[in-house]
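Student: I should like to learn how to read a protein model, one feature at a time. May we look at one together?

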Amino acid sequence: MSASVTERPAGAGSATGGGTPVPAGAHLPRPRPRPRPGLALAVIAGCNAMIQLDDPIMNIALPGIRADLGLSALAASWVIGAYLLAFGGLLLLGGRAGDILGRRKVFVAGVALFTAAAAVRAAVPSGELLIAVRAVEGAGAACAAANGFVLMLSTFAEGPARKRAIAVCTAVGAASTAGGLLLAGALTSAGSWRWVLLLNVPMGLAIVLLAPRVIAETERIRGRFDLRGALLSALGAAALVYGLSQAAEHPWTDALVAGPLLAGLVLLSVFVGTQRRAAEPIVRLRLFRDRDRALAFAGMLVLPGGLIGAYFFLSQFFQQHHGWSPLEAAFGLLPVPLTMAAVAGVGVRVERAIGPKPMMAIGTAALVAENLWLSHLGPGDGYLTGVLPGLLLLGAGMAFCVIPPTVLATSGLRPEELGSAASVLNALQSVGGSLCIALMVTASAGHADFSDTMSAGFTAGAAFAAAALLIALSLRPRRP
């Protein structure tokens, strides 16, 4: 599936080695970079880690940002929301741009935009400017995420090599999140929130410099942008994400929730209709005709619900009931990414031995058990016997849940379909995260005691994990 990068350009033969002589003064074609799959994977995994790390960085820095810039609770929510709206709304468009303009080119441009915005946000003098910069950062992340994933698929052919690459990206993302949480917590405690917001900048600069040298450009797909489809998909996804984010703080019947959700559903319904008739659609609806691929997409929509509760509720549990500092709370959550990174390393061998269906079923069952375990957590429970077993189950379960749906969603596709599949996968994961946290907060609302609130939230997380388990059991058995 990868584009060829080793062919000698026509007319580039030497005077002594055969081939067509080159006229004096002629400009030789620029040689393509030699294929370096290991370095290419390192760059792509680094980008994935950088984007994953951005959310905990902002959440750790947000209290200091509010204090220094004088932000209200609503403005502070927009610091997070502006990024999510741009990211979720532009994923499909970013993937299509990579098809037409070249995936490496759009990937590098996205990383450069993300990095520049990350640098600017650390020096903003006002909350309004910070919100605008965060929207720009989300747009860059959308282009980088959609095309980085496709570049990985194009670099590694279907089979063990691609599965190992997915496992490496998972492990690197988890490990970097662990280290980044600790570093961000330390910087917040020792210095200014502005230092924390610069953590992604060196990594982004390195990716921009290295990507053109180690990643081969994919062949461009001739075509044009479906402007109507692009506008409908961006506005529909953004409205959906916004409505779901407001559901965490307002009733579902509130105009701030119901209005955007209804508008998003209508816009996306119209979008699907336009894609059926479009000659060059942003999303190829043929992707959903394969039963296992459609189930894999559905799995990525509900899987975030099995993970979010731990970060959302346990960080509050550590600080409110145990009096831990933000840095100590980050240490407390460390077993999740560390276990995920360790187990992802053996995930490829497990999938090869038992197949994707049993592997995903085991992973989702672990998430059900983890959420049910943590739903019984009380103020008097200690860390080692009360919290740690659930965190270990969570890390192992998520590692087992990542590879099967990702492989199933992107296997058996033509090169021109990879960008669409990757964009849909990323978009569903983004919308799924917003949906899960909104439903979990709704389920946990109305309880005076935080233990009851947390118990209701983790019970909702178990329901999401159970839905993912049912999806896994519905997959067709495949030979390992």
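The dialogue below takes up confidence, overall make-up and a few residues.

Tutor: This is a predicted model, in which local features need pLDDT of at least 70 and side-chain atom pairs count only at pLDDT 80 or more, while totals for chains, interfaces and linings use all residues. Residues are numbered from 1 along each chain as its sequence is written, and side-chain values use heavy atoms, with hydrogens and water left out.

Student: What is the mean pLDDT of the protein chain?

Tutor: The term pLDDT is the predictor's confidence in each residue, from 0 to 100. Here the mean for the protein chain is 83, and 90% of its residues reach 70 or more. Over residues 1–29, however, the pLDDT is below 50. Where pLDDT is low, the predicted coordinates should not be read in detail.

Student: How many helices and strands does the protein chain have?

Tutor: Helices (H or I, at least four residues) and strands (E, at least two) are DSSP runs, numbered from the N terminus. The protein chain has 17 helices and 0 strands.

Student: Is Thr 177 buried or exposed?

Tutor: Buried means under 20% relative accessible area, exposed over 50%, and partly exposed in between (1.4 Å probe, protein chains only). Thr 177, found in helix α5, counts as buried because its relative accessibility is 10%. In the protein chain, 53% of the 480 residues are buried.

Student: Which residues does Thr 177 touch, not counting those up to four places away in sequence?

Tutor: A contact means heavy atoms within 4.5 Å. On that basis, Thr 177 touches Gln 52 and Leu 53.

Student: Which side chain is joined to that of Glu 417 by a polar contact?

Tutor: A polar contact is a pair of N or O atoms within 3.5 Å; within protein, one must be able to donate a hydrogen and the other to accept it, and residues adjacent in sequence count only if both atoms are side-chain atoms. The side chain of Glu 417 has such a contact, of 2.6 Å, with that of Arg 286. Glu 417 lies in helix α16 (residues 415–444), and counts as buried because its relative accessibility is 1%.
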